[in-house]
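This report describes the structure displayed below.

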Amino acid sequence: DPIVVWLRDDLRLNDNPALAAAAETGRPVVPLFVLDETSDGIRALGGAHQWWLHHSLDAFARSLRGKGSRLTLRRGAAKGEVLDIIAAVGATALYFNRRYDPAGRAVDDRIAEALGEAFDIRRFTANILHEPEDVQTTTGGYYKVYTPFWKKLAATEPRDPIDAPAGFKQPEDFPISDGLADWALLPTKPDWSGGLATTWTPGEQAALERLETFCDDDLAGYHAARDDPSANRTSGLSPHLRWGEISPYRIWHTAQTYASRRESIPDDAIRTFKKELVWRDFNVHLLHHRGHLATANINKRFDAFPWRRSDADLRAWQRGLTGYPIVDAGMRQLWQTGWMHNRIRMIVGSFLTKDLLIDWREGERWFWDTLVDGDPASNPAQWQWVAGSGADAQPFFRVFNPITQSEKFDPEATYIRRFVPELADLPDKAIHAPWSATAETLAKAGVELGETYPKPIVDHKAARERALAAYGEVKG
Ligand code: FAD
């Protein structure tokens with residue numbers, strides 16, 4: 001009898017335990033993807049997500065065809081669709097890889113309940129390195145602070161990745177599938193995806209190639225170069241991980257293999273890289289244990305925080321027109337490419353929540369809509385970290401100064417010049433804070449503040465005082 005393998009955020013053949021286990025049985029396999037926008041609590045995909053998902057499904061469907069199989073696509077509430085496919089093909093087993101958001105888990109449980117105890121359901125660990133149940137504090141709770149979490153796991157070697165199945169046995173008939181094009185996931189009017197398409201190639205093949213290139217070229221200098229936004233020397237694997245086009249086990253082991261073969265890769269580099277991968281797990285565990293990460297403050301005191309509402313300021317931030325070049329460069333990188341460098345995410349996050357005093361949830365939502373790697377765990381968890389409302393947050397009074405951050409992390413303004421070209425002719429000394437340049441310097445660079453580039457929408461020093469005063473109200 002056929003096995004239905006329900007794919008979700010694991011669109012890969014390599015190291016896909018559910019698919020591998022199904023193939024191994026020698027029974028017919030029916031791979032299924034359901035675009036679920038209606039089940040309770042399931043968060044609608046953002047625009048950049050939809051673009052990525054379209055191309056990712058297209059690539060995955062082709063890979064499956066290459067193995068003699070076919071991807072069935074359905075759109076609707078997952079429970080109905082999955083049960084329908086099981087009935088249509090006469091399947092007696094359902095395999096899937098675990099997911100960790102409470103709403104998704106609840107859907108999985110409802111399906112299991114509907115199928116009954118006798119039905120063969122198998123859940124696999126595929127997308128994080130450590131299951132939440134396996135990582136507990138000495139008192140049996142979950143970790144709310146990252147450093148002890150890392151200390152506990154640093155020495156734990158995750159299992160080896162599993163090879164892609166050689167092929168799949170086909171069912172007598174594949175079920176009727178939706179056409180991917182009919183889902184209309186790609187933007188049309190207007191089509192804003194040009195910058196995404198020139199930056200990214202969704203799909204497993206591209207993800208594996210990116211991993212090799214990163215390990216070859218950039219892993220050795222990772223610990224030093226990862227904070228340089230202009231260098232493009234981080235892995236760029238985040239959107240591939242978001243959709244599970246590559247597994248964290250594959251990444252971990254490939255990086256480790258390179259590091260043990262090459263002396264040029266120092267311990268610091270591999271340790272720092274692994275630490276980031278484990279940070280991803282940490283965020284997933286938080287989501288698993290807490291749920292509602294994107295809507296509820298982890299630190300309840302922030303429920304009383306006097307956030308400002310200003311649609312004009314929010315819009316200026318979203319469009320990269322705040323008058324602070326490093327912030328604007330970041331917001332434009334996000335809009336053009338669907339991605340932003342980690343250091344800059346922290347700077348624009350601090351600017352929104354502290355300089356503009358706008359609720360972190362507004363920033364989280366904008367990122368969710370525009371990031372290709374917008375992640376249900378890492379996006380809200382990192383926003384709460386930046387805002388100070390997280391469990392393991394940087395303290396609220398740590399207000400980034402956008403000018404000194406800019407001078408420190410983009411000293412030659414390569415990053416600013418790339419994304420804010422109207423300032424490109426300003427000298428290095430003036431470009432981080434154009435408003436303090438002389439009229440002559442501005443004129444020579446063709447910059448007219450308020451015309452060719454905005455004046456700053458807030459004064460950082462005053463905004464900092466305002467933020468600290470607001471924080472004083474909830475500090476308790
Ligand atoms: P690399 O430096 O090559 O790191 C390798 C992998 O480690 C990444 O792909 C990612 O999976 C993981 N990683 C790295 N840094 C972090 C981190 N701080 N937290 C969790 N995992 C990390 N990351 C997302 O994947 N999705 C998001 O939606 C997201 N939103 C963020 C929002 C804010 C406000 C901030 C400050 C950070 C956010 N991050 C998010 C974390 C981080 O910025 C990105 O993971 C990283 O920039 C991705 O680029 P990379 O793949 O080249 O990273």
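## Basis and conventions

Two strands are taken to pair if DSSP finds at least two bridges between them. Helices (H or I, at least four residues) and strands (E, at least two) are DSSP runs, numbered from the N terminus. The model is a predicted one, in which local features need pLDDT of at least 70 and side-chain atom pairs count only at pLDDT 80 or more, whereas totals for chains, interfaces and linings use all residues. Residue numbering starts from 1 along each chain as its sequence is written.

## Strand pairing and crossovers

Strand 2 (residues 29-35) pairs with strand 3 (residues 72-75) in the parallel sense, over 4 bridges. Within this pairing, Phe33 stands opposite Leu73 of strand 3, and Leu35 has Arg75 of strand 3 as its bridge partner. Between strand 2 and strand 3 the chain passes through helix 2 (residues 47-66), in a β-α-β crossover that is right-handed. A crossover is given this hand if, with the strands pointing away from the viewer, the path from the first strand over the helix to the second runs clockwise.

Strand 2 also runs parallel to strand 1 (residues 3-7), to which 5 bridges join it. The bridge partner of Val4 in strand 2 is Val30. From strand 1 the chain crosses through helix 1 (residues 17-24) to strand 2, and this β-α-β crossover is right-handed. Strand 2 is mostly covered, with 6 of its 7 residues buried. Here a residue is buried if 20 or more other C-beta atoms lie within 10 Å of its own, exposed if 12 or fewer, and partly exposed in between, with C-beta atoms placed from the backbone.

## Overall fold

The secondary structure of the protein chain comprises 21 helices and 5 strands. The radius of gyration of the protein chain is 24 Å, close to the 23 Å that the globule rule gives for 476 residues, so the chain is as compact as a globular protein of that length. This radius is taken over C-alpha atoms, and the globule rule is 2.2 Å times the number of residues to the power 0.38.

Along the principal axes, the C-alpha atoms of the protein chain fill a box of roughly 80 × 50 × 45 Å. Of its 476 residues, 46% count as buried.

## Ligand shell

The ligand is surrounded by 26 residues, of which the closest are Thr234, Ser235, Asn342, Asn379 and Gln382. Helix 9 (238-242), helix 11 (267-290), helix 14 (342-355) and helix 16 (378-387) are the elements that give two or more residues to this shell.

By class, the shell has 9 nonpolar, 11 polar and 6 charged residues. In this scheme Ala, Val, Leu, Ile, Met, Phe, Trp, Tyr, Cys and Pro count as nonpolar, Asp, Glu, Lys and Arg as charged, and the others, Gly among them, as polar. The ligand lies between domain 2 (128-157 + 204-290) and domain 3 (300-471), because both give residues to the shell around it. The domain bounds come from an automatic or database domain assignment.

## Backbone exceptions

Most residues other than glycine have a negative phi, and most peptide bonds are trans. Asp15 is not a glycine, yet it has a positive phi of about 45°. Asp15 lies in the loop between strand 1 and helix 1, and it counts as buried because it has 24 C-beta neighbours inside 10 Å.

Leu357 also has a positive phi, of about 60°, although it is not a glycine. Its position is in the loop between helix 14 and helix 15 (360-370), and with 21 C-beta neighbours inside 10 Å, Leu357 counts as buried. A cis peptide bond joins Lys189 and Pro190, with omega about -5°. Pro190 is in the loop between helix 5 (146-153) and helix 6 (194-199).

## Two further buried residues

Tyr324 is found in the loop between helix 12 (311-319) and helix 13 (325-337). With 29 C-beta neighbours inside 10 Å, Tyr324 counts as buried. Its C-alpha atom is separated by 42 Å from that of Arg262, 62 residues apart along the chain.

Gly363 lies in helix 15 and is buried, with 24 other C-beta atoms within 10 Å. Gly363 and Pro161 are 202 residues apart in sequence and 36 Å apart in space, C-alpha to C-alpha.

Key:
A residue is near a molecule or strand if its C-beta atom, placed from the backbone, lies within 6 Å of it.
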